[in-house]
Amino acid sequence: MDELQTYEEILSIRRVTKVVTGGKNLRFSVFVAVGDKNGRVGIGKGKAREVPLAIQKAIEKARKNMIQIPIIGTTIPHPVLAKFGAAKVLIKPAAEGTGVIAGSSVRKILELAGVKDVLAKILGSRNPITNAYATMEALKMLLDPYKYAEERGKEVQEIWPRSRKRK
């Protein structure tokens with residue numbers, strides 16, 4: 001498989017310790033988002049004794065977990081609300097030129113996915129990792145407008161008026 005251009009964004013770096021009889025084992029936990037800015041995005045967590053190795057592991061896991069999301073023009077096809085643990089994320093399509101109006105890890109993930117105009121709100125949790133997982137759950141819930149219209153035997157414009165013809 002040919003390797004496409006991907007962009008990485010570190011969402012969280014934490015120093016974690018495990019207390020053992022000989023003292024404390026120090027490690028680093030890194031959480032990363034990876035995307036191609038063209039509809040594909042993934043997240044991954046890596047742990048190691050040094051930060052660069054943990055980042056490398058997290059990027060590898062994020063690339064393996066990439067998902068494809070439908071994008072109509074510069075936004076998503078419809079609003080979604082997803083829950084993961086205590087975090088809830090609401091993502092709504094926005095008019096062209098609005099920009100990415102979102103906070104913390106949600107903004108980074110949506111930008112890496114290639115969404116240029118969207119409104120998002122984090123409800124419940126302040127943990128960036130939990131919010132990232134909730135965002136990915138929301139993006140998995142998005143319906144592909146072309147498949148959805150085909151299943152219903154209608155034109156895409158009838159269901160999603162803001163959509164354009166497929167390139």
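Predicted model: local features only at pLDDT ≥ 70, side-chain atom pairs only at ≥ 80, totals over all residues.
S125 touches A86, A87, T130 and N131, leaving out residues up to four places away in sequence.

Where does S125 sit? It lies in the loop between strand 8 and helix 3. Is S125 buried or exposed? Its relative accessibility is 16%, so S125 counts as buried; the cut-off for buried is under 20%. The side chain of S125 also reaches the backbone nitrogen of N127, at 3.0 Å.

**The whole chain**

Now step back. The protein chain has 167 residues, and 42% of them count as buried. Its secondary structure comes to five helices and eight strands. Along the sequence they follow the pattern β-β-β-α-β-β-β-β-α-β-α-α-α. The C-alpha trace spans about 65 × 40 × 30 Å along its principal axes. Take the contacts between residues at least 6 apart in sequence: 55% of them join residues at least 24 apart.

Four strands form an open sheet in the order 1-2-3-4, and their pairing is antiparallel. Strand 1 (7-20) and strand 4 (67-68) are the edge strands, each pairing on one side only. Strands of a sheet pair through backbone hydrogen bonds, either parallel or antiparallel.

| Strand pair | Sense | Bridges |
|---|---|---|
| Strand 1 and strand 2 | antiparallel | 13 |
| Strand 5 and strand 6 | antiparallel | five |

V19 has K24 of strand 2 as its bridge partner. A82 stands opposite V89 in strand 6. Strand 5 and strand 6 make a hairpin with two residues between the strands. In that hairpin, G85 takes a positive phi near 65°.

**Helices on the sheet**

Helix 2 lies across strand 1, strand 2 and strand 3. It runs at about 135° to strand 1. Helix 3 packs on the sheet too, touching strand 1, strand 2, strand 3 and strand 4. The direction of helix 3 makes about 150° with that of strand 3.

Which residues of helix 2 are buried? They are S105, V106, I109, L110, L112 and A113. Seen down the axis of helix 2, these buried residues fall within an arc of 160°, so they line one face of the helix. Just after helix 2, G114 takes a positive phi of about 100°.

**The cores**

In soluble globular proteins, nonpolar side chains tend to be buried together. Here the largest nonpolar core has 30 residues. V41, I91, I109, L110 and L139 have the most contacts inside it. Several elements each supply at least two residues of this core, among them strand 2 (23-35), strand 3 (40-48), helix 2 (104-113) and strand 8 (118-123).

What does L139 contact, leaving aside its neighbours within four places in sequence? It is in contact with V41, I67, I69, I91, I109 and L110. A second, separate core has 10 residues, including A54, I59, A62 and M66.

Notes:
Residues numbered from 1 in each chain as written. Heavy atoms only, no water. Core = buried A, V, L, I, M, F, W, Y, C linked by side-chain atoms within 4.5 Å. Buried < 20%, exposed > 50% of the residue type's maximum accessible area, 1.4 Å probe, protein only. Contact = heavy atoms within 4.5 Å. Pairing = 2+ DSSP bridges. Axes fitted to C-alpha atoms, helices over the stretch in contact; angles between N-to-C directions. Arc of directions from axis to C-beta. Polar contact = N/O pair within 3.5 Å; in protein donor to acceptor, adjacent residues only side chain to side chain.
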